[in-house]
Amino acid sequence: MLLSPCGAFASLLLPATVLAQYNLVKEYAGESFFDDWTFYNHFDNLTNGNVNFLGDTDAFHDKLAYINDAGNAIMKVDNSSALKFNQNRNSIRISSKDQFTVGSVWVADIRHVPYGIDTFEAVNQDYYSHMGLHTNPGCTHSSDAVQSSKLINSTDCSVQANGNQGCIVSNPTPASYGADFANTGGGVYVTEFAIDGISIWYFNRTSIPSVLQGNVSSINTQQLGIPVANWPADDCTVSQFFQPQELVFDITLCGDYAGASSVFFETCTGVCYDDWVLGDPSHYDTAYFEVSYVRVFGLPGELTVLQPSSERRSAEVQTVAALFVFALGSLFAFAQIL
């Protein structure tokens, strides 16, 4: 089995509700995929990873962000440059210009994710993807959660607890991450951000339900079955702990999570920065996202899409939805690689 590069962490930013019918309000796909995203254009001062997140001009020029011949969006780590000591590797972090309110559903069709990457979250050479929330103190994963996964890593969602591990549920399907995910054609992640809780579903390429196939304009989450992970509002009041959310794709190297010795040495050897970031750049040949589309659905008659606002972007409470962040890191997609 192929394994992801060490020092990498990934997480992509995705519960059933009584009113489960949603209509399409936003789509990121095709040649215009990158039009409504903001490139971070800064070194990683968020998770202290050993990367420089490029701005859009440099990212497009260096082919770290582009649309491939299949019409899918590619976001990747530099896998060709030989670095000198104290240099960091170039990578990508993008966040949606819009924010999305409670009462929305995010659907992501992903063909490939960075190996060793957090709806998801995943790290290094881990075999499973992880889904989690990171909040202010007071939010926990409920023992009454209705979900298919029995792999509950941690229950306290507070950023002040357990080194900001979050309340993490692992997807028991190996093909939800890494080489198996890529070799089987990827799959679809669905996240429901609802007033009565947050839920995440995962469907591999051969099990995508008909209600998600084609250019659907509406979705009913009650037709998706039991989610893989669920955080009911009983133990984590959504209106209290969550502001409108940005979607994020992020790939970072080493840093606070993937580079922590307690995490790194579970699947990797050597020194994260010295042996991996400075090492053979081909370590990162598989450290990329390939995304067919991201679609956002909202409740009929409700305001789902919020335009950019510096005031809203300074909101202190945000969740890391393990949907598409790879830390490589955040809400929609996040990957972290050692």
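This is a predicted model: local features need pLDDT of at least 70, side-chain atom pairs count only at pLDDT 80 or more; totals for chains, interfaces and linings use all residues.
## Disulfides in this model

A disulfide is a pair of cysteine sulfur atoms within 2.5 Å.

## Cys254 and Cys272

A disulfide joins Cys254 to Cys272, with a distance of 1.9 Å from S to S. Because the torsion about the S-S bond of Cys254 and Cys272 is about -105°, this disulfide is left-handed. Cys254 is found in the loop between strand S19 (248-253) and helix H4 (255-258), while Cys272 belongs to helix H6 (residues 272-277), so the pair ties together parts that are 18 residues apart in sequence. Both Cys254 and Cys272 are buried.

## Cys139 and Cys236

The sulfur atoms of Cys139 and Cys236 are 1.8 Å apart and form a disulfide, and this link is left-handed, with -100° about the S-S bond. The pair connects distant parts of the chain, 97 residues apart: Cys139 sits in the loop between strand S13 (130-133) and strand S14 (167-170), whereas Cys236 sits in the loop between strand S18 (229-232) and helix H3 (238-241). Cys139 is buried, and Cys236 is buried as well.

## Cys157 and Cys167

Cys157 and Cys167 form a disulfide in which the sulfur atoms are 1.9 Å apart. The torsion about the S-S bond of Cys157 and Cys167 is about 95°, and therefore the disulfide is right-handed. Here the linked parts of the chain are 10 residues apart, with Cys157 in the loop between S13 and S14 and Cys167 in strand S14.

Cys157 has a relative accessible area of 0% and is therefore buried, and Cys167 is likewise buried, with a relative accessible area of 0%.

Note on methods:
Residues are numbered from 1 along each chain as its sequence is written. Side-chain values use heavy atoms; hydrogens and water are left out. Helices (H or I, at least four residues) and strands (E, at least two) are DSSP runs, numbered from the N terminus. Buried means under 20% relative accessible area, exposed over 50%, partly exposed in between (1.4 Å probe, protein chains only).
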